[in-house]
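Hi,

Here is the structure I promised to pass on. Have a look at it first, and then read my notes below.

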Amino acid sequence: MSVAPLPVPLPAIDRPGGLVWRLLGPPDVDAVDALHRDAVRGMGVHAVKPEEKSFFLSLLSGRGRILGLERGSELVAYGVLQHDLKAEDDPCEVLGLPPGTSVVKLAGAAVGHEWRGAGLQRLLIEARVGLAGDAGVIFSTAAPANQPSWSSLLACGLAVRALQYRYGGHPRFLMARVGAGLNGASPDLGHPGELIDCADLARQTQCLEQGWWGIAAGPQASTLRYVPAR
């Protein structure tokens, strides 16, 4: 599926000193690909899906935007915002929304090893949400095994709405933030809910199939808080 190209103003959002935001273009494909391969080194597809260089080139050539953080000429982090999606990536049916709803995807990010722990992953999410503007649905996927990814997405207002199996049968949370007025459902924040370990796929599936949402990280690093929607 494809919707109108994304707006391009750079985010007015704080970042660590010395780092500069830049919307990347086709000449940056080698730097993006190298950073991606460095970031996923030693991680299996159960946690992160490795991408081909051609995927990044397609995004840089018009299927989306890649927002970079640079120190001088060095790319230290990037985040993908994709608007031209394959039909099988469309989350509208899962979210109970009509076909054709405006959708954009937070389709991956990478942070250089020396910048881990500086909060850049969350900054990249906030910046891409800002770039998405008035998009009706912002969604992403995250492996239950990738706690830094799903906890950052939860902190930025996306909720776990489904548990899917992708990339050869590996579990992924479908996480989304739905614009006001598109769907009357909302999480019951007054409900005590239930804390569930991210590795307990069976219990999470039960809750999600009953209409519960995962809305926040729990007090233990591996837990999520689920509450019913209303």
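Let me start with the cysteines. The sulfur of Cys 156 is 18 Å from the closest cysteine sulfur, which sits in Cys 198, and that is too far for a bond. Cys 198 is in no disulfide either, its nearest cysteine sulfur being that of Cys 207, 14 Å away. The count for the structure is 0 disulfides, where a disulfide is a pair of cysteine sulfur atoms within 2.5 Å. Cys 156 counts as buried at 13% relative accessibility, and Cys 198 counts as buried at 10%. For those labels, buried means under 20% relative accessible area, exposed means over 50%, and partly exposed is what lies in between (1.4 Å probe, protein chains only).

Before you go further, some housekeeping. This is a predicted model, so to read my notes you need the cut-offs: local features need pLDDT of at least 70, side-chain atom pairs count only at pLDDT 80 or more, and totals for chains, interfaces and linings use all residues. Residues are numbered from 1 along each chain as its sequence is written, and side-chain values use heavy atoms, with hydrogens and water left out.

Now the chain as a whole. The protein chain has 6 helices and 10 strands; helices (H or I, at least four residues) and strands (E, at least two) are DSSP runs, numbered from the N terminus. Its radius of gyration is 17 Å, close to the 17 Å that the globule rule gives for 230 residues, so the chain is as compact as a globular protein of that length. That radius is taken over C-alpha atoms, and the rule is 2.2 Å times the number of residues to the power 0.38. Along the principal axes, the C-alpha atoms fill a box of roughly 50 × 35 × 35 Å.

Buried residues make up 49% of the 230 residues. The accessible surface is about 10500 Å², and 53% of that belongs to carbon and sulfur atoms; the areas come from the Shrake-Rupley method with a 1.4 Å probe, and for residues only the protein chains shown count as cover. Taking contacts (heavy atoms within 4.5 Å) between residues at least 6 apart in sequence, 66% join residues at least 24 apart.

On charges, the mean positions of the 21 positive and 22 negative ones are 1 Å apart. Lys and Arg count as positive and Asp and Glu as negative, with His and the chain ends not counted; each charge is placed at NZ of Lys, CZ of Arg, CG of Asp or CD of Glu.

Next, helix 2 (residues 53-63), which holds Ser 54. Ser 54 is exposed at 54% relative accessibility, and its C-alpha is 8.8 Å from that of Val 29, 25 residues away in sequence. Leu 59 lies in helix 2 too, but it is buried at 0%. Leaving aside neighbours within four places in sequence, Leu 59 is in contact with Gly 64, Arg 65, Ile 66, Val 80 and Gln 82. Between Leu 59 and Leu 24, 35 residues apart in sequence, the C-alpha distance is 9.8 Å.

Further along is helix 5 (residues 147-155), whose buried residues are Ser 149, Trp 150, Ser 151, Ser 152, Leu 153 and Leu 154. Just after helix 5, Gly 157 takes a positive phi of about 95°.

Which residue other than glycine has a positive phi near 55°? That is Tyr 167, in the loop between strand 6 (159-166) and strand 7 (170-178). Most residues other than glycine have a negative phi. Tyr 167 is partly exposed, with a relative accessible area of 30%.

Strand 7 also holds Val 178, partly exposed at 24%. Val 178 and Glu 74 are 104 residues apart in sequence and 35 Å apart in space, C-alpha to C-alpha.

Finally, Glu 194 in strand 8 (residues 194-197). Glu 194 is partly exposed, with a relative accessible area of 26%. Not counting residues up to four places away in sequence, Glu 194 touches Arg 203, Cys 207, Trp 212, Leu 224, Arg 225 and Tyr 226. Its C-alpha is separated by 47 Å from that of Pro 27, 167 residues away along the chain.

Cheers
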